[in-house]
Amino acid sequence: MEANRQTLSEAEIELLKEGLKRSYKERFQMATRLYKIQQTMNKASIVHKPFISK
C-alpha cells in the first residue's frame, strides 16, 4: 500500500522524460532567462498614476 502512494503519475513521468531530453545548454539558457526575470522583478517598483491629471 505504501509503495502505491509513492509512485508518480503518468503526467509527472512525461515531464521528467522531457527534462532529460534537454541538453545542458538548453537547461542553462532556461535558468539564465529565469534568473534575469527574477532580477528584473526584484528591481521593479509599482507606481500608481491616476488616469485623470488635474
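I began with Arg27 and Tyr24: the charged end of Arg27 sits over the ring of Tyr24, 5.2 Å from its centre. The rule I used asks for NZ of Lys or CZ of Arg within 6 Å of the ring centre and within 35 degrees of the ring normal.

A note on what I am reading: this is a predicted model, where local features need pLDDT of at least 70 and side-chain atom pairs count only at pLDDT 80 or more, while totals for chains, interfaces and linings use all residues. Residues are numbered from 1 along each chain as its sequence is written, and side-chain values use heavy atoms, with hydrogens and water left out.

Next I looked up the overall layout. I found 3 helices and 0 strands, in the order α-α-α from the N terminus. Helices here are DSSP runs of H or I with at least four residues, strands are E runs of at least two, and numbering starts at the N terminus.

How much of the protein is buried? I read 0% of its 54 residues, where buried means under 20% relative accessible area, exposed over 50%, and partly exposed in between (1.4 Å probe, protein chains only). The protein exposes about 6,100 Å², and carbon and sulfur atoms supply 60% of that.

Then I turned to helix α2, residues 10–21. Its 12 residues should span 16 Å at 1.5 Å a residue, and the end C-alpha atoms are 17 Å apart, so the two agree; the expected span is 1.5 Å times one less than the number of residues. I counted 0 buried residues in α2, so this helix is hardly covered.

Which residue forms a salt bridge with Glu18? I found Lys21, with the closest N and O atoms 3.4 Å apart. The cut-off is a side-chain nitrogen of Lys or Arg within 4 Å of a carboxyl oxygen of Asp or Glu, and the count comes to 1 salt bridge. Glu18 is partly exposed at 36%, and Lys21 is exposed at 62%.

Last, I visited a nonpolar surface patch of Met30, Leu34, Ile37 and Met41, with about 430 Å² of accessible area together. Met41 belongs to helix α3, residues 24–43, and counts as exposed because its relative accessibility is 59%.

Conventions:
Patch = residues over 30% accessible without salt bridge, like charges linked within 9 Å, V, L, I, M, F, W, Y side chains within 5 Å. Areas by Shrake-Rupley, 256 points an atom, 1.4 Å probe, with all protein chains shown as cover.
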